[in-house]
Amino acid sequence: MTTEPTPVLEVRALETCFFTDAGTVGAVDGLTFSIRKGDTLALVGESGCGKSVTALSILRLVPDPPGRIAGGEIVFEGRDLLRLSSREMRRIRGNAISMVFQDPMTSLNPVFTIGDQISEAIQTHESVPRRTAWRRSVELLELVRMPDPHRRVHDYPHRLSGGMRQRVMMAMAVACGPKILIADEPTTALDVTIQAQVLTLLDRLKREFGMTVLLITHDLGVVAEWANRVVVMYAGRKVEDAPVDEMLTNPKHPYTRGLIACVPHLQAVPSAERPPLTEVPGVVPSIVELGRGGCPFAPRCAQAMARCREQMPPPTAVVEGHQAACWLLEEATEA
Ligand code: SF4
């Protein structure tokens, strides 16, 4: 009998809300998933589906007000992060769990050199002298393959290209040897040619540091190449959860199928027989406007039935390790 590896992080029934003039927005609505040690789990969906808010919730960085984590548990190494004091949480952030953001320019401070900023990241969590922190900053820049690291360590962020800035962010993120690295759209702001370099670097750092990665992306092409498990989100909820190969060959939720159909090389048919490139019709609804009760994808779903508009589909097992939340699965079982 094989035993499933223990998850390194478990998100259980997470609820994160934003209180706005237009009403309460349930940005993350009952989200449950777990990440096993050493996995790269991709959280996928269009803008506004709650991926980044999930990442901020894990690190307890949701701006309050207007946001608030209203319920659920985030269990890391046996402790619910939502119950830790602010002091305990500061020790975890950037140390055991660190994050790389989409736009490094907004995360780096323009008035300090990158050496100052990496050194500060080290000294926040380790009591080492300034000189040691500076030497380690150069080593970290070497590790992330920054060209000419001894000179670049003295540079200010504006002197670096977008790809170099993202390398600095990764150097800061791994400075204290985190167990989990959250990468929120780490290549979205970069040229296509640089994207592959940054993702290759992320994968190498993951292996060298023995990290587990939560990769947030809207790009299923990136998922296919770099992740081994996927959680698809729509309107704050999980709609499908499976190993990557299973998801790409046997997607069950119409939204997942639509996302896959948008990426031509992921369609598992010869190019001559491939249907034309499509897009998922419509847009992610404003979560303020969503009724609670029906399937949130119903307004965009070509297969919606009457019950879809009235009852929320529960997560249903497809095969072991693969779940989807769609009434079509129940219809198929009953047929
Ligand atoms: Fe479409 Fe209904 Fe499935 Fe929702 S539950 S995805 S509306 S078929």
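1. D241 stands opposite Q323 in β12. These two strands, β10 (residues 237–243) and β12 (residues 322–324), pair in the antiparallel sense over two bridges. Two strands pair if DSSP finds at least two bridges between them. Strands (E, at least two residues) and helices (H or I, at least four) are DSSP runs, numbered from the N terminus.

2. This is a predicted model: local features need pLDDT of at least 70, side-chain atom pairs count only at pLDDT 80 or more, and totals for chains, interfaces and linings use all residues. Residues are numbered from 1 along each chain as its sequence is written, and side-chain values use heavy atoms, with hydrogens and water left out.

3. An open sheet of eight strands runs in the order β6-β7-β8-β3-β9-β10-β12-β11, with mixed pairing. β6 (97–100) and β11 (316–319) stand at the edges with a single partner strand each, so one side of each has no neighbour in the sheet.

4. A second sheet is open too: four strands, ordered β2-β1-β4-β5, with antiparallel pairing. β2 (23–36) and β5 (79–80) are its edges, each with a single partner strand, so one side of each is left without a neighbour in the sheet. Strand β1 (residues 7–20) pairs with β2 over 11 bridges. There, V11 has F33 of β2 as its bridge partner.

5. Now the ligand. Around it are 13 residues, of which C295, C301, C308, C326 and W327 come nearest. A residue is near if one of its heavy atoms lies within 4 Å. The shell divides into 11 nonpolar, two polar and no charged residues. Nonpolar means Ala, Val, Leu, Ile, Met, Phe, Trp, Tyr, Cys and Pro; charged means Asp, Glu, Lys and Arg; the others, Gly among them, are polar.
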